[in-house]
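Me: I would like to learn how to read a few features of a protein model. Could we go through them one at a time?

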Amino acid sequence: MAEILTLAAAAERCAALRAAGRRIVLSHGVFDLVHPGVIRHLDEARRQGDVLVVTVAGDRALDEGPARPIFPEALRAESAASLAQVDFVTIIAEATPFETVRLLKPDVLARPQAASGAERQVHQFLFDGQEGADLGSTSIYETIGLLTSSAALLHSFLDVYPEETRLFLREFAHRYSFEDLRRWLDSVRDTRVVLIGDAIVDEYHYCLPLGKSGKSPLVVQHYRSHEVFAGGSLAIANHLAGLCKEVSLVAVLGAEDSREEFIRAHLRPNVKPTFFHRPDGPTVIKKRYLDQYLNQKLFEVNYLNTHFIPAELEQEIEGHLTSLLPGFDLALVSDYGHGFLTAGLIRAIERSARHLAVNTQSNGGNVGYNMITKYQRSNFICLDEMEIRWAAQDKESPIEDVVRRMSARLGCDLLISTLGKRGSIGVTRGGETVRTPIFSAKVVDTVGAGDAFFAFTAPCVVRDIPLDLVGFIGNLAGALAVKIVGNRRPVERTELLEFAAALLR
């Protein structure tokens, strides 16, 4: 059995092999299912050099389908290491191994030929332009192919969807091809977007229970570790930046504990932020405490000023937005109800935006007070079911009736309501109604899923992408987002395409 090395140890081993004049070949994969096509690929890869290194995509890097990976990374690495062709294995935190290639410097990167037309287009998207300078002296060699992909076999024999969803996908695949989806997403690329919304820093503090306190009725927790994420409008900006070339962000930070250095470091390079600072409070910080073993949230503490921003700051931001918005194709408002978006700023945005998409959110700090009804002119509105029912003051009516009635009341071109496990429903001004099921079978964390849905659908709406395709894209993004802890990273356009290719077979 081949050795399983850390990435650092693998880099040292490769450097020693190069110094000894050995020709190194690298093959990268998931290794969820080892079948004859994988063996054939590795046989051919092994013949391209003296040493075959296999990198296995780690669990956190994978969102290739509704229930991938089936097996954890340690078992998948053992599967790869047990194959005779392989000299050593390392687990990496990339779905596509370009940074690892630059670190290990193999002579050859062996990739399998895509089995289907959709996979071929995904491969071309991932690899085109990555040769040459990006990969240094490493050349790409394409083996004869896997004959069929592991994803196709897993989807065929381990179907995780109910019959209703399978029927939807069969019918949808007759209307749209993978190429249609890719082409429509390409049309979004040049959309100039400005995002206005609350900047939030999310902290996840992981604990393990010690036991009940001896003197009070509470469970004592043992702190173990924590992570910090760029959330709220910052997370939406990062989602958008993978779709659109130019994203401008307008947000308010606190003069106290601004976290500005952290925030700027965690925005993607093509996000251009303009930050204003309120003098009377901190940047919004939400600390969630979780059971480390169960990944279950225990309680949350918010650090924020719940009052509206001062009038002087409001006037300054209004002047900026009035001059900025007319130059952009789309304005997105992500309103978390934390004191940034005053009535005056909302009116200024409505006057100045060429196309306006709005998402208002209810949370522990504003339940019952942050309703979509405070917006008078929106082209696209995206809410979850409870938010739209609260706004409609209608708890019991069928959601289709509530959405239609609120769409007419709000006068928007399109209203989409996300429905949790029941997918989403969208209604246009003309009365077209489309329901889309969910595509998630593995839920890690629901935080940020609605933000991903909004980020991926709003640019599609402004480009007049058909409603059924908008719902499909939004639910793909949501399904990928619930497999990510918090806002640890954005949903990538490439992984959405890979997921779509798997579903549209």
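Reply: The turns below take up aromatic rings, a helix, a sheet and the nonpolar cores. Keep in mind that this is a predicted model.

Me: How many aromatic pairs does a search of the whole structure find?

Reply: Two rings pair if their centres lie within 6.5 Å, and planes under 30 degrees apart count as stacked. By that rule the search finds nine aromatic pairs. In one of them, Phe-168 and Phe-172 have ring centres 5.6 Å apart and planes at 20°, so this pair is stacked.

Me: Where do Phe-168 and Phe-172 sit in helix 7, in terms of helical turns?

Reply: An α-helix has 3.6 residues a turn, so residues three or four places apart point the same way. Phe-168 and Phe-172 are four residues apart in helix 7 (residues 163–175), which puts about one helical turn between them.

Me: Is Phe-168 buried or exposed? And Phe-172?

Reply: Buried means under 20% relative accessible area. Phe-168 has 14%, so it is buried. Phe-172 has 0% and is buried as well.

Me: Which residue forms a stacked aromatic pair with Phe-172 at 4.2 Å centre to centre?

Reply: That is Phe-472, with 25° between the planes. The pair links distant parts of the chain, since Phe-172 belongs to helix 7 and Phe-472 to helix 16 (residues 467–481), 300 residues apart. Phe-472 has a relative accessibility of 0%, so it counts as buried. Ring pairs also join into a cluster made of Phe-168, Phe-172, Tyr-176, Phe-439 and Phe-472.

Me: Which arginines lie over the face of a ring?

Reply: Here one looks at the distance from the charge to the ring centre. Arg-13 lies over the face of Phe-88 at 5.4 Å, and Arg-192 over the face of Phe-328 at 4.4 Å.

Me: In what order do the four strands of the open sheet run?

Reply: The order is 9-8-12-13, with mixed pairing. Strand 9 (219–232) and strand 13 (296–303) are at the edges with a single partner strand each, so one side of each has no neighbour in the sheet. On average, neighbouring strands are turned by 20° against each other, direction ignored. Strand 12 (residues 284–291) pairs with strand 13 in the antiparallel sense over seven bridges. Within that pairing, Ile-285 stands opposite Tyr-303 of strand 13. Helix 9 (residues 233–241) packs on the sheet, where it touches strand 8 (199–212) and strand 9, and its direction makes about 50° with that of strand 9.

Me: Which residues have the most contacts inside the largest nonpolar core?

Reply: That core has 73 residues, and those with the most contacts inside it are Leu-249, Leu-332, Phe-380, Phe-439 and Phe-472. Leaving out residues up to four places away in sequence, Leu-332 touches several residues, among them Val-193, Ile-196, Leu-240, Phe-454 and Ala-458. A second, separate core has 40 residues, including Leu-321, Val-333, Leu-341 and Val-358.

Me: What covers the buried residues of helix 12?

Reply: The buried residues of helix 12 (residues 343–352) include Leu-345, Ile-346 and Ile-349. The cover includes strand 7 (192–197), helix 11 (311–324), strand 14 (330–335) and strand 15 (356–360).

Terms used: Residues are numbered from 1 along each chain as its sequence is written. This is a predicted model: local features need pLDDT of at least 70, side-chain atom pairs count only at pLDDT 80 or more; totals for chains, interfaces and linings use all residues. Side-chain values use heavy atoms; hydrogens and water are left out. Buried means under 20% relative accessible area, exposed over 50%, partly exposed in between (1.4 Å probe, protein chains only). Helices (H or I, at least four residues) and strands (E, at least two) are DSSP runs, numbered from the N terminus. Contact means heavy atoms within 4.5 Å. Rings of Phe, Tyr and Trp (its six-membered ring) pair if their centres lie within 6.5 Å; planes under 30 degrees apart count as stacked, over 60 as edge-to-face and the rest as tilted. A charge sits over a ring if NZ of Lys or CZ of Arg is within 6 Å of the ring centre and within 35 degrees of the ring normal. Two strands pair if DSSP finds at least two bridges between them. Axes are lines fitted to C-alpha atoms, for helices over the stretch in contact, and angles run from 0 to 180 degrees between N-to-C directions. A nonpolar core is a set of buried Ala, Val, Leu, Ile, Met, Phe, Trp, Tyr and Cys residues joined through side-chain atoms within 4.5 Å.
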